[in-house]
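Hello,

Here is the structure we talked about handing over. Please open it first, then read on for what turned up.

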Amino acid sequence: MTEKISLQHLSKTYGKREILKDINVTVNDGELVTLIGPSGSGKSTLIRCLNLLEAPTAGTLTFNRQKIDYKLNRFGQLTRKSEAQAAQYRTKVGMVFQQFNLFPNRSVLQNLIDGPRRILKVDRGTLEQQAVHYLTLVGLRDYQAQYPAQLSGGQKQRVAIARALMMSPEVLLFDEPTSALDPEMVNDVLRVMLRLKQAGMTMVVVTHEMAFTEQASDRVLFLEQGQIQFAGTPQALQQEPATSRVKQFVSTLDHHLAVS
Ligand SMILES: Nc1ncnc2c1ncn2[C@@H]1O[C@H](COP(=O)(O)OP(=O)(O)OP(=O)(O)O)[C@@H](O)[C@H]1O
Ligand SMILES: [Mg+2]
């Protein structure tokens with residue numbers, strides 16, 4: 001297995017509070033790793049450290065086995081120079097957010113094209129072709145001229161996924177991509193994610209959708225109080241004793257969604 005992205009001995013503190021403690025995560029090429037855990041356990045912080053939207057307080061981040069160097073200022077944030085390098089790095093490690101983060105005053109097509117045009121300096125014609133390709137992939141080929149306000153939540157999230165793909169990322173991170181959606185929209189988004197996994201995309205997903213987790217993930221990580229308390233395959237999770245913390249946590253989640 002080829003290692004894609006890894007965090008070693010990651011710690012993250014806000015002021016005096018240690019939010020993540022000595023976290024070690026390695027994700028291999030083509031793997032889908034899901035991150036579960038109670039509210040406030042540090043899931044978002046951890047996934048954001050993977051693409052330097054948060055600056056780790058300590059630890060080593062590697063991508064394709066190369067160390068990603070960054071420097072912190074006295075506030076614990078990336079220095080301006082490191083931030084510029086991080087922006088470049090994020091083209092390879094994209095993120096899909098719970099709240100979509102589309103530009104409301106731009107059409108679907110513009111939302112897809114603007115970022116890569118600015119950052120990758122690719123010509124408009126090529127980008128438009130790519131945009132149509134990815135919109136087709138997420139089932140929204142006919143929505144290029146629409147504005148975000150004209151779309152349902154599930155459609156917005158699929159546009160956000162298409163937009164992330166426009167950068168040709170090698171890894172995609174998802175932070176609760178379906179939690180803001182009405183139940184009937186959830187499966188549309190999960191199906192797109194499953195398709196990406198089948199196409200070989202490396203993915204890290206924060207989610208509470210256990211049916212998806214069991215069906216799609218190679219490994220599940222359970223985070224509690226800033227530490228990984230369980231790491232294993234969905235099968236290993238099944239075999240955990242009912243009294244284990246991860247099993248107790250999972251029993252509080254919905255299992256009703258089946259992805260097809
Ligand atoms: N910018 C910040 N400054 C100070 N504390 C923060 C900051 N961001 C997060 N925290 C704290 O870090 C802890 C972990 O937050 P995080 O958002 O990573 O949790 P989470 O597991 O994603 O929770 P949720 O399931 O509610 O999204 C929380 O206690 C939160 O209050
Ligand atoms: Mg979160």
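Buried means under 20% relative accessible area. Glu 31 has a relative accessible area of 9%, so Glu 31 is buried. Bear in mind that this is a predicted model.

Glu 31 sits in the loop that joins strand 2 (17–28) to strand 3 (32–36). Its side chain makes a polar contact with the side chain of Arg 219, at 2.9 Å. Leaving aside residues up to four places away in sequence, Glu 31 touches several others, among them Lys 197, Met 201 and Asp 218.

Next, the salt bridges. The whole structure holds twelve of them.

- Glu 3 and Arg 65: the closest N and O atoms are 3.9 Å apart. Glu 3 lies in strand 1 (residues 3–14) and Arg 65 in the loop between strand 4 (58–63) and strand 5 (66–67), so the pair ties together parts 62 residues apart in sequence. Glu 3 is buried at 17%, whereas Arg 65 is exposed at 58%.
- Glu 224 and Arg 245: here the closest N and O atoms are 2.5 Å apart. The pair links strand 9 (residues 219–224) with helix 9 (residues 245–251), and the two residues are 21 apart. Glu 224 is buried at 14%; Arg 245 is partly exposed at 39%.
- Arg 48 and Glu 54: the closest N and O atoms are 3.3 Å apart. Arg 48 is partly exposed at 25%, and Glu 54 is buried at 17%.

Best wishes

How values were computed: Residues are numbered from 1 along each chain as its sequence is written. Chains are lettered from A and ligands numbered from 1 in the order in which they are written. This is a predicted model: local features need pLDDT of at least 70, side-chain atom pairs count only at pLDDT 80 or more; totals for chains, interfaces and linings use all residues. Side-chain values use heavy atoms; hydrogens and water are left out. Helices (H or I, at least four residues) and strands (E, at least two) are DSSP runs, numbered from the N terminus. Buried means under 20% relative accessible area, exposed over 50%, partly exposed in between (1.4 Å probe, protein chains only). A polar contact is a pair of N or O atoms within 3.5 Å; within protein, one must be able to donate a hydrogen and the other to accept it, and residues adjacent in sequence count only if both atoms are side-chain atoms. Contact means heavy atoms within 4.5 Å. A salt bridge is a side-chain nitrogen of Lys or Arg within 4 Å of a carboxyl oxygen of Asp or Glu.
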